[in-house]
Each structure stands twice: as C-alpha cells, then as structure tokens.
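Trainee: Could you take me through this model feature by feature, giving the general idea before the particular case?

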Amino acid sequence: MADQREQDDHRSRQFPVREDMAFQHKVWRFERVGWYVLVLLMILTLLGLFSRGPLSSRDAQSADGSIGVEYERFHRNGSTNPLVIRLQGSPNAVLEVELDGDWLEGFDVQDVQPQPVRSAAAGQGLKVWVQADQQGRANLHLSLLGEGLGTYQSRIATPNGAEVSFNQFIFP
Amino acid sequence: MDSVLRAAAMYAVLMVLFKIAGRRSLAEITTFDFVLLMIIGEATQQALLGDDFSMTNAFMVIVTLIAIDVGFSLLKLRSSWVSRLIDGGPTVIVEDGRILQGRMRHARLVEADIMEAARSSQGIETLDQIKFAIIERNGKISVIAKE
C-alpha cells in the first residue's frame with residue numbers, strides 16, 4: 001500500500017498542469033544537497049577558512065626563536081587583519097628586521113605600532129629598525145588591508161640569519 | 001571592469017542560493033520572509049558596489065544585472081530546457097481531496113499551508129472540498145475547488 005502510494009507520488013500528472021516528476025525530484029535533491037553545502041560552508045567559516053579562526057590564525061617561529069610571527073593565512077579583499085612580529089635581541093638595542101617578499105603588492109599597511117626608529121626600502125619589501133626594551137624584546141604590530149587577490153609570499157628576516165617565511169591568501 | 005564582474009558574480013551566487021532555498025522559501029509569505037529579504041539586499045549592496053560610490057559604478061552594475069536578466073529571459077524563450085532549469089515547474093500536492101504526502105515532505109509543506117491558501121483564495125473550509133492544490137513556479141499555492 002505504502003509502495004503504491006510512493007509510485008503514485010512519482011507519477012507525472014498531465015492535468016491540471018503538466019508535471020515532470022523526474023526533474024522535480026532532481027530539484028528537491030539539489031535543494032537538500034545544497035543545504036548540506038551551506039551548512040558545511042558555515043562550519044568552515046566558523047573554523048576560519050575565510051580568515052579569523054583556528055584554520056587561519058597562525059603562529060610561526062624562526063629556528064633560533066628570535067623571530068615570532070602571528071599572522072592570518074587567509075584574508076579577504078577589503079578587510080583589515082593584524083600581523084604581529086615579535087623580535088628577541090640584545091637589551092636596549094635597535095633591532096633590524098627585513099620584511100621581504102611580494103606581500104606589499106597585495107597588502108596595504110594601514111598602521112605600524114610602535115613607530116619604527118627608521119625604515120628603508122629593501123628589494124621588493126622594506127627594512128625597519130625598532131627599539132628593543134630592557135629584556136631585548138620588540139613587538140611590531142602591523143595592520144594589513146587586503147587589496148590584491150590570490151597568494152602572496154612573505155619573508156621576515158634579521159641580519160643574524162634568523163628568518164620566517166609564510167604565504168597569505170586573499171579571497172575576493 | 002570590476003563593476004561588471006561583481007554584478008555577474010553576485011547574480012550567479014544569488015541565483016544558486018535561491019535555487020537551494022527552494023521556490024517557497026522567500027515567496028514573501030510571512031513578515032519574516034520580507035525582513036529576511038531586506039537583510040539579504042543590504043548585505044548584497046556592499047558586495048555589488050565595493051568602495052566605489054560613483055554614479056558610473058552604480059550605473060554599470062544596474063546595466064549588467066538587467067542585461068543578464070534580459071539575456072536569460074531570451075534564452076528561456078528559445079530553450080524549454082533552460083526555462084525549466086531556471087523557473088522550475090508546477091507540482092500537484094492535493095488531488096481530489098487527497099494529500100500527496102511524499103511530495104509534501106519533499107516540498108517542506110504541511111497541511112496548514114494548503115488550508116491557508118485554500119481559505120484565502122477560495123473560501124474553502126475542508127480538505128475534501130479541494131480538487132487540486134498546486135505549488136506554482138513562484139512558490140505560491142493555488143487551489144482549485146470541487147464543483
């Protein structure tokens with residue numbers, strides 16, 4: 001009986017309207033699968049696929065530990081994200097750090113805190129000098145506005161050979 | 001260049017999303033549907049215009065949207081396959097006073113939805129008085145009463 005009813009549901013009527021139930025079932029399946037995809041996208045967004053979340057926020061260290069970088073792997077065009085560079089050197093020294101790679105083409109540096117003692121061009125990127133505190137630490141906070149599209153490569157290095165390289169992706 | 005790309009991308013994304021939502025979801029049946037539609041419009045506006053508030057940009061976005069829309073309607077005239085893909089087709093959900101349960105479940109409808117449409121359009125009181133109830137392509141339920 002239930003089987004018969006199911007068959008009746010599948011049968012395409014010609015009156016009062018012309019139906020195509022095979023197609024309609026495809027539409028309903030598309031709606032259902034589409035809903036799963038939407039939920040999956042929501043979960044991925046919560047996890048940070050489109051920046052800000054466990055999938056996106058990264059903390060990288062150089063081999064000797066003198067450079068630490070907190071960055072977002074994923075950015076969105078038009079939104080601002082922080083980049084923190086933690087340097088460790090000798091107490092009260094002025095530390096030199098080079099920010100190299102093609103990242104300046106994809107990002108607009110909106111703000112640098114604290115203000116570097118000096119800055120200069122260096123190849124594709126730039127060099128900055130920052131004043132370290134009594135423990136020899138200096139934190140550099142940059143706020144980056146994503147302006148490009150696609151992958152941009154960054155390399156942060158100090159003259160004593162420590163370096164951190166990473167990629168950042170900007171979504172449209 | 002990017003005004004055309006933005007508008008085309010948003011058109012495509014919205015089209016797919018509204019197909020997923022189904023024909024009934026945003027057919028302005030409840031007040032909340034209306035509010036939801038306004039919020040979607042608000043969120044879309046940013047993506048369409050970006051940070052360019054020039055008249056040229058607004059003009060090009062509108063031109064693109066209308067061009068795509070007219071293009072699709074021309075395509076629908078030529079091909080019944082495209083027409084069906086975009087607009088869908090009507091589905092019978094009540095036949096001679098009997099609800100087709102499987103179809104109702106797939107269409108995410110309950111009996112109250114049918115009776116609401118029956119009362120408001122035909123003044124029908126019971127299910128037995130309905131000859132046919134049909135979900136139209138635009139998501140509204142039309143009801144045909146028994147003689």
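Trainee: How many helices and strands does chain A have?

Mentor: Helices are DSSP runs of H or I with at least four residues, strands are runs of E with at least two, and both are numbered from the N terminus; on that basis chain A has 3 helices and 11 strands, in the sequence order α-α-β-β-β-β-β-α-β-β-β-β-β-β. This is a predicted model, in which local features need pLDDT of at least 70 and side-chain atom pairs count only at pLDDT 80 or more, while totals for chains, interfaces and linings use all residues. Residues are numbered from 1 along each chain as its sequence is written, with chains lettered from A and ligands numbered from 1 in the order in which they are written.

Trainee: What is the radius of gyration of chain A?

Mentor: The radius is taken over C-alpha atoms, and the globule rule is 2.2 Å times the number of residues to the power 0.38. For 172 residues a compact globule would come near 16 Å, whereas chain A has 27 Å, and its C-alpha atoms fill a box of roughly 85 × 30 × 25 Å along the principal axes.

Trainee: Which strands pair with strand 8 of chain A?

Mentor: Two strands pair if DSSP finds at least two bridges between them. Strand 8 (residues 125–131) pairs antiparallel with strand 5 (residues 94–101) over 6 bridges, Glu98(A) being the bridge partner of Lys127(A). Strand 8 also pairs antiparallel with strand 7 (residues 118–122) over 5 bridges, where Arg118(A) stands opposite Trp129(A).

Trainee: What lies between strand 7 and strand 8 of chain A?

Mentor: The two strands form a hairpin with 2 residues between them, and Gly123(A) in the turn has a positive phi of about 60°.
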